[in-house]
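Please open the model in your viewer and keep the sequence panel beside it. This tour tells you what to select next and what is there.

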Amino acid sequence: MTSASASQDANHSDRRSMRRSPQELPPWPVAILAAVGVVLFALPVVGLAARTPWTGLWTHLSSRFVVDAAVLSVVSSVAAAIVAAAVGVPLAWVLARVDFRGRSVVRALVTLPMVLPPVVGGAALLFALGRRGVVGGPLHDATGLLLPYSIWGVILANAFVATPLVILTVEGALRNLDRRYENAAATLGASRLRVLWRVTLPMIGPALGVAVVVAWARALGEFGATVTFAGNLGGRTQTLPLAVFVALEADRDAAVAVSLVLVALSLGLLIALRDRWWPSR
Amino acid sequence: MPFAAGCAAGPDAASSGSGDGALGGNLHVLVAASLLPVAQVLADDFEQLHPDVAVQIAGAGSAALREQVLAGAPADVFIPASAVHLDAVRDEVGLASAAVVVARNSVVLAVPVGNDAGVTSLADLARPELLIGLCAAEIPCGALARTGLAQAGIEPVPDTDEPNVRALVTKLAAGELDAAVVYASDAAPSARGNTGLDAVVSLGWTAGTAPQTSYAAAVLADAPNGAAAAAFADYLGTSAARGTFAEFGFTVP
């Protein structure tokens, strides 16, 4: 996706000819396995819809704990996406453009949260930034600042798991970028910062958009790192996924109703994303 | 395995003079999260007595376990931390025999080793400047703690309502909370090693009698390994098992 979005002019004629090519029928093993794939991902959604208490849906969704959790989820996930972009894009630029010793180690380190169980990530954050943590301890002693049990902890935990998505996507886009435009701008006297701002970022715009929205969606669904690092308190740190988990213990209908909202939101977003940015036509 | 036990092993079992020879196979035991450490020890001891049985312990929140049982997960014995979940399973899938209470647990006020905040009684849970943790009201340990605190006339100001008791104990042990209400079994020093949680000290229940919860062991009606399940449930009532429960901070009926 990134290569196609990066160098529009070069690929334009190719894409136009592909669009005109006749519809292809898949070989039968491809068709069967693809169908299995669709069923695999559709079934849980069907299961959730089947369990949904449609009649009392609005009552569940307008209850205090759901509204509080929804507001906190939106605020913290948007903030986390902003942090992810602010930190992830520069990191991606360095990883894509600067050849330094230990680059692969750094890349592995900053993408670690993608493969780490989120609970482990949350515990690691707690041991680093908690009141007794190696960094959090001195920080708390000096300033009284305490990240866990606050919205700052939620945002940090969300950004921790979401940033790697930005880094990987943007680094890929930067690597596939046609450097001639940047070189031309530099030749014409633009400073490096100006080239980045006026040429590089606009050219990777579509990839950047996908990266930020996917990071936002990941933050919206984050559970393990959040509950481990920031705890769970209604109105303060209880996001929608935490509210679902706790509600499952007591009120299954409420939990299912909230889950449905999360699924609908994410699904709608991903569909919109596909039409808006991913070169599908 | 059931085929062999039913046909070929019949005379064998009779000649050896012991019914134990017929026990074998996998035994799936679903236990409340708070029982996990003791259940693993009990399972090991049971396997010593019945070497052909492989006990698989699954520990999780009682409600999650109930959902698994109702959804048809392989389960022989179910030991939740609250009667609500047992009732739901009895009504929907049925039990092979009446559930028997095998242990009781109470809630206690617990602090990290060192007790830097100088917590002395349950009343400290109302001090807003301290970091206080409880279990979420929706899970058995949270419900129990709130019942007890209400009886004692204390309104806690928690900084977190943890969705499971192990997570709460972990935060307390890491010193990231000043005080929490946990199960007595979570704060009990155990000779057999209660999973490194010796960083937590119990102050007991400082306001009269602590509220208690009961763990009842139920053999499911459609248990795939009913014979071993019944034997395991019986084992939990033996003096050996009662000793193990006591060692892990539980009281026994």
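Select chain B and colour by secondary structure: nine helices and nine strands. Helices (H or I, at least four residues) and strands (E, at least two) are DSSP runs, numbered from the N terminus. This is a predicted model, in which local features need pLDDT of at least 70, side-chain atom pairs count only at pLDDT 80 or more, and totals for chains, interfaces and linings use all residues. Residues are numbered from 1 along each chain as its sequence is written, while chains are lettered from A and ligands numbered from 1 in the order in which they are written.

Stay on chain B. Of its 253 residues, 49% are buried (20 or more other C-beta atoms within 10 Å of the residue's own, with C-beta atoms placed from the backbone). Take the contacts (C-beta atoms, placed from the backbone, within 7 Å) between residues at least 6 apart in sequence: 77% join residues at least 24 apart.

Now select Pro158(B). Pro158(B) sits in the loop between helix H6 (140-151) and strand S6 (160-162) of chain B. Buried or exposed? Pro158(B) is buried, because 26 other C-beta atoms lie within 10 Å. Leaving out residues up to four places away in sequence, Pro158(B) touches Ile132(B), Gly133(B), Leu134(B) and, across in chain A, Leu233(A).

Finish where the chains meet. Chain A and chain B each bring 16 residues to the contact. On the side of chain A, helix H13 (224-230) and helix H14 (240-250) give two or more residues each. H14(A) gives the most, five residues.

Notes:
Two residues are in contact if their C-beta atoms, placed from the backbone, lie within 7 Å. A residue is buried if 20 or more other C-beta atoms lie within 10 Å of its own, exposed if 12 or fewer, and partly exposed in between; C-beta atoms are placed from the backbone.
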